[in-house]
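Work through the following exercises with the sequence and the model side by side. Each task is followed by a solution in steps.

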Amino acid sequence: MITVSNLSKKYNADPVLQIETLDIPKGQSFGLVGNNGAGKTTFFSLLLDLIQPTTGHIKSKDIQVDNSEDWKPFTSAYIDESFLIGYLTPEEYFYFIGELRGQNKADVDALLQGFSDFFHGEILNQKKYLRDLSKGNQKKVGIVAALIGSPEIIILDEPFANLDPTTQIRLKQIIKNLAEQQGVTVLVSSHDLMHVTEVCERIVVLEKGQIVKDIVTSAATLKELEVHFAGTEAFQAEHL
Amino acid sequence: MLKYFISLEWKSFIRSASFKTNLFFKIMMVIGALWITGSFLLLGFGAYFMIEEGLKMEPFEVVNQALIYYMVFDLAFRYFLQKMPVMNIKPLMYLPIKRDAIVNFAVGKTMISFFNLLHAFLFVPFSIVLIIEGFPAMQVITWYLAILGLVFCNNFINIFINNKDIVFYTVVGMVIIMMGLQYLEVFDITNFTAPLFKAFYAIPYLALIPLILAFVFYKMAFTYFKKNLYLDAGLSSKHDVAKTENYSWLDRFGSLSTFLKNDIKLLRRNKRSKMTLFMSVIFIFYGLLFFTNAVEAYDGPFWRIFAGIFVSGGFLFTFGQFVPSWDSAYYPLMMSQNIRYKEYLESKWYLMVFATIISTVVSAFYLYWGWQAYAAVVVGAAYNIGVNSHLVLLGGAYIKTPIDLTTSKKAFGDKQAFNAKTMLLTIPKLLLPMAIYAAGHFTLGEVFGFALVAVFGLAGLLFKNRVFKLIEKIYKSEKYKTLAAYKQNN
């Protein structure tokens with residue numbers, strides 16, 4: 001589905017991302033973890049053609065993303081608040097995204113129906129513009145909007161941050177469903193090791209822009225990641 | 001304590017986003033600031049003689065008459081441009097600083113703002129001239145102090161009416177009615193206010209009243225802020241009550257309606273864009289300067305076209321030049337969606353065309369000054385729709401200033417709006433139609449001149465698709481630069 005080759009991004013000769021090869025097959029739930037500045041958001045931005053690669057390229061379904069725009073109809077994302085239109089109500093925003101993705105009002109309404117649990121009565125019919133919603137509620141709107149129009153690739157940057165525990169659990173269910181039952185390729189980044197290991201079939205660890213680990217998730221993965229990020233021998237000795 | 005406050009202020013000033021530009025713009029800004037102070041100084045020194053020589057009237061009388069309008073306009077400018085002091089004090093609340101100190105700092109800060117200093121450049125020289133011309137010094141000084149007091153009153157009134165749109169628009173509406181009544185010589189409010197202002201001169205003790213009033217307002221502002229210095233009171237941002245609107249009547253525009261609906265919501269729900277709408281209404285009256293012969297320099301026949309273009313195109317210019325910056329806050333969203341550029345542009349284009357037509361209809365009152373005046377507006381509109389609508393969109397494609405929709409500041413243009421490319425585009429926007437008109441006017445007469453401009457304008461419509469293709473190309477080639485520039489928020 002997604003093929004990365006020879007990709008690098010440099011700012012003033014400072015390398016922020018350097019990925020030789022990476023293949024993400026269709027229907028995989030893919031997790032990206034790494035400390036601040038590891039290059040997670042940079043990678044997602046490159047995938048969405050929001051920044052230009054210094055070298056190499058990303059192909060999405062054989063379409064090179066920085067050459068053609070044909071990947072847009074089957075790709076959706078929620079990176080940050082710059083994906084929200086602050087002066088719209090949540091409903092208006094969903095309909096707007098729906099229209100851009102060829103869905104009419106009824107389609108969108110039907111989809112939203114399935115998320116009333118997720119919204120917890122705090123999103124729809126609240127007489128508030130998106131700019132006046134809390135950070136967590138904004139995130140809920142952004143994530144659900146990314147599901148409109150049955151995209152084949154969904155990219156979510158830090159989807160669990162700012163969400164309350166109930167919503168986190170529901171979101172995990174939603175993401176699992178997407179990959180397992182609908183064959184959607186889901187790319188998720190997170191700082192929360194527990195969440196990613198629960199949700200993702202495969203986890204890639206970025207460190208200073210490089211892939212340092214590429215793990216198929218198993219029962220031992222969480223431990224492995226914790227050890228990796230704790231970083232010291234002493235810690236390992238203590239815990240083993 | 002004060003030392004820290006001052007150093008904080010200084011840093012926030014020199015590190016503000018508007019200073020982070022290149023040297024050229026810094027120099028331009030300094031020149032601009034000097035120019036404004038300079039012209040105020042010149043006006044202050046020169047006003048006396050200009051009124052005496054030019055209008056053959058008693059300068060002091062005239063100034064006192066005009067003062068009421070001056071004060072109201074000052075308030076209007078403050079309302080739109082002066083920043084409220086509450087913004088930067090949130091981080092101070094968590095620190096061990098007395099609340100009184102914070103509030104005094106915040107309120108006091110407004111007093112030394114540019115909006116108060118500017119008046120001194122006008123009134124100090126004027127007062128000096130008055131004294132030189134033989135007015136008794138003591139009385140002139142009390143008169144000046146009274147004005148100073150009133151300026152500060154305005155300063156505090158602005159704090160109280162901040163964000164209360166209804167109050168503001170009522171005041172502005174009243175003023176326009178008053179000016180109209182005065183122009184038509186029905187009722188002259190200055191007959192009542194001029195003696196009031198003159199009293200500060202005639203009876204020096206009266207000057208104490210505005211000064212005391214300003215002091216009382218200060219105390220009121222102080223208590224008001226102190227009482228509201230809580231995150232959920234005065235410091236909370238106001239939330240508008242939102243209503244989901246479908247605008248289904250726009251569906252007749254087909255796929256275009258997606259963007260059209262959004263753009264109309266953008267215009268109606270944001271402070272900055274509302275300001276643009278307000279400015280476009282002001283532009284409708286801009287022609288009065290030309291057609292009433294109020295300004296001698298504008299008497300040449302081709303100036304009519306200049307006026308006509310601005311009267312009908314106020315919205316077109318103020319809105320159009322910032323496409324696509326209006327969508328800067330969510331540009332990454334737009335760029336990762338399957339946006340059809342043509343429809344995106346067309347929506348903005350239709351908005352500009354509608355606004356131009358509405359402005360043209362509204363300005364039918366120019367017929368009062370002869371058919372030529374209105375003809376200039378109508379052909380100006382034709383030129384705006386046919387040619388300028390494309391040119392502003394083209395210019396906008398090169399402007400990469402992010403727009404903060406939630407504040408009305410900077411609506412008067414941005415330094416980056418004046419780059420070389422957009423400057424170059426003003427030639428076909430304004431000078432070309434004037435030249436075309438002049439060519440017609442001086443050969444076969446004014447009717448031919450008007451017709452020529454209109455024909456040129458309508459011919460521009462033929463190029464619409466070509467221009468849109470060109471703009472789309474620019475959007476695509478500048479995409480990454482634009483995204484990066486919009487990310488740098490203030």
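**Exercise 1.** Identify which residues of helix 16 of chain B meet which residues of helix 20 of chain B, and describe how the two helices cross.

*Solution.* Begin with the contacts, where two residues count as touching if their C-beta atoms, placed from the backbone, lie within 7 Å: Tyr341(B), Lys342(B) and Leu345(B) from helix 16 meet Phe468(B), Ile471(B), Glu472(B) and Tyr475(B) from helix 20. Sorted by type, these residues comprise five nonpolar, no polar and two charged, with Ala, Val, Leu, Ile, Met, Phe, Trp, Tyr, Cys and Pro taken as nonpolar, Asp, Glu, Lys and Arg as charged, and the others, Gly among them, as polar. Next take the geometry: the axes of helix 16 (residues 341-362) and helix 20 (residues 464-477) of chain B come within 10 Å and cross at roughly 115°, the axes being lines fitted to C-alpha atoms over the stretch in contact, with angles running from 0 to 180 degrees between N-to-C directions. Helix 16 of chain B is therefore roughly perpendicular to helix 20 of chain B, a term that covers 65 to 115 degrees.

This is a predicted model, in which local features need pLDDT of at least 70 and side-chain atom pairs count only at pLDDT 80 or more, whereas totals for chains, interfaces and linings use all residues. Residues are numbered from 1 along each chain as its sequence is written, and chains are lettered from A and ligands numbered from 1 in the order in which they are written.

**Exercise 2.** Is Thr42(A) buried or exposed, and which residues does Thr42(A) touch?

*Solution.* Thr42(A) is buried because 20 other C-beta atoms lie within 10 Å, and the cut-off for buried is 20 or more. Leaving aside residues up to four places away in sequence, Thr42(A) touches Lys9(A), Val16(A) and Leu17(A). Of these, Lys9(A) is 33 residues from Thr42(A) along the chain, yet their C-alpha atoms are separated by 8.2 Å.

**Exercise 3.** How many residues does each chain bring to the contact between chain A and chain B?

*Solution.* Chain A supplies 25 residues and chain B supplies 23 residues. On the side of chain A that touches chain B, helix 2 (residues 90-100) gives the most, with five residues. That side of chain A divides into 14 nonpolar, four polar and seven charged residues.

Methods
Helix = DSSP H or I, 4+ residues; strand = E, 2+ residues; numbered from the N terminus. Parallel < 35°, antiparallel > 145°, perpendicular 65-115°, else oblique. Buried ≥ 20, exposed ≤ 12 C-beta atoms within 10 Å, placed from the backbone.
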